[in-house]
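Hi there,

Here is the structure I promised to pass along. Have a look at it first, and then read on for what turned up.

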Amino acid sequence: MHLARFPRHHLAHLPTPLEPMERLSKELGGPRLFIKRDDCTGMSTGGNKTRKLEFLMGEASAQGADVVVTQGATQSNHVRQTAAFAARLGVDCHALLEDRTGSTDPDYTQNGNVLLDRLHAATLEHVPGGTDMVAACEAAAARLRAEGRRPYVIPGGGSNPTGALGYVNCALELVHQANERSLAVSRIVHATGSAGTQAGLVTGLHAINAHIPLLGIGVRAPRPKQEENVFALATKTAEKIGAPPVPRELVVANTDYVGEGYGIPNAGTIEAIEMFAQLEGILLDPVYSGKGAAGLIDLVRRGDIGADETVVFLHTGGSAGLFGYRQTFAGAHTPALAA
């Protein structure tokens, strides 16, 4: 695939590392676990949105935009990375933050990603939960146009066919790394939300005949809706790059680990965050990667992922969000892990 046909700002730290998680593998009694460190992409503490933003901001620049408009939840990793990209490129960023949790904890409303948004000089517009965020972004862009500005609207999570190119590219990168190490990957597991990461990965993997199953652990929508969103975006992404259509059966999501709702960590999420931190020195986040890891751990314990498999967990980043959840970890302790 010739992705150089598309405008792109090469600002991410790529390729990201592919590392073994030997202590976690031992603790769980297998499988052989690896982690793809997309928390190391380098833009304002990193994360998966940086890959998408390379192409999205490339397109914005090609269109002559002087301000980008985007949206997300209060502790949005995507908004933080978009604000950082805008700062790096010398354009403004206006972000709409939706209250999806109802939390009034000052740490949640002011710290973590929100603090970093402000440090990157983004202007923030807070809106209540349930707001039509697509319409709200378009209204904000219309106001800016009326002021003589040239806005470029980026969807939540950077999840459209342009943004998904970042994860088509990641699929190529990951398979190349596995090939160089003679690493026969049984499956890839990651957190899936706005659909762009999973759509890009499944499109890229299918286009190169990788034959590596991909499992998205949902963090918000029910399974039918999540898979529908991913499949629709994968179809459009394949069309954009001229790749073969993605078969519906390759789009698989497990939404058993959402818990009470988006952005609300449950016991499994907290355990996963503590295990990764204490066994591997790796920080997950309470919204995406923590729930994805909780799913991975539970599926291993249940035997749904076999002890003889080689599994890659894609770390989508977001550790800055931990600082918005201080009270969640106020009683953090060392669990009874194997020596």
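Which element supplies the largest share of the lining of the largest pocket? That is α9, with 6 residues. Please keep in mind that this is a predicted model.

**The largest pocket**

The space in this pocket comes to about 730 Å³. Its lining counts 31 residues, and G156, G193, S194, R220 and N229 are the closest to the centre. Besides α9, which spans 223–241, both β3 (67–73) and α3 (77–89) supply at least two lining residues each. By class, the lining of the largest pocket holds 14 polar, 11 nonpolar and 6 charged residues.

**The second largest pocket**

Here the space is about 220 Å³. The lining includes V202, L205 and H206, the run from N209 to L214, and also E249, L250 and V252. Helix α8, residues 196–207, gives the largest share of this lining, namely 3 residues. Sorted by class, the lining of the second largest pocket has 8 nonpolar residues, 3 polar ones and 1 charged one.

**Strands around β4**

β3 and β4 run parallel and are joined by 7 bridges; T70, for instance, has A95 in β4 as its bridge partner. On to the next pairing: β4 also runs parallel to β5, residues 123–127, with 5 bridges between the two. One of the partner pairs there is L96 with E125 in β5. Is β4 itself mostly covered or mostly open? Mostly covered: of the 7 residues in this strand (92–98), 6 are buried.

**Salt bridges**

As you know, side chains of opposite charge can pair when their charged atoms come close. Searching the whole structure gives 18 salt bridges, and a few of them may interest you.

- R37 pairs with D39, with 2.8 Å between the closest N and O atoms. Both partners are buried, because R37 has a relative accessible area of 13% and D39 one of 15%, and the cut-off for buried is under 20%.
- R149 pairs with D92, the closest N and O atoms lying 2.7 Å apart.
- R187 and E309 meet through their side chains at 2.9 Å, N to O. This pair also links distant parts of the chain, with the partners 122 residues apart: R187 belongs to strand β7 (residues 187–192), whereas E309 lies in the loop between α11 (289–302) and β10 (310–315). E309 is buried, with a relative accessible area of 13%.
- K36, D38, R51 and E173 form one network, joined by salt bridges that share partners.

Best wishes

Definitions and conventions. Residues numbered from 1 in each chain as written. Predicted model: local features only at pLDDT ≥ 70, side-chain atom pairs only at ≥ 80, totals over all residues. Heavy atoms only, no water. 1 Å grid on protein atoms, 1.4 Å probe; cavity = no way out; pocket = protein on both sides within 12 Å on 5 of 7 lines; lining within 4 Å. Points joined across faces, edges and corners; volume = space filled by probe spheres on them. Helix = DSSP H or I, 4+ residues; strand = E, 2+ residues; numbered from the N terminus. Nonpolar A, V, L, I, M, F, W, Y, C, P; charged D, E, K, R; others polar. Buried < 20%, exposed > 50% of the residue type's maximum accessible area, 1.4 Å probe, protein only. Pairing = 2+ DSSP bridges. Salt bridge = Lys/Arg side-chain N within 4 Å of Asp/Glu carboxyl O.
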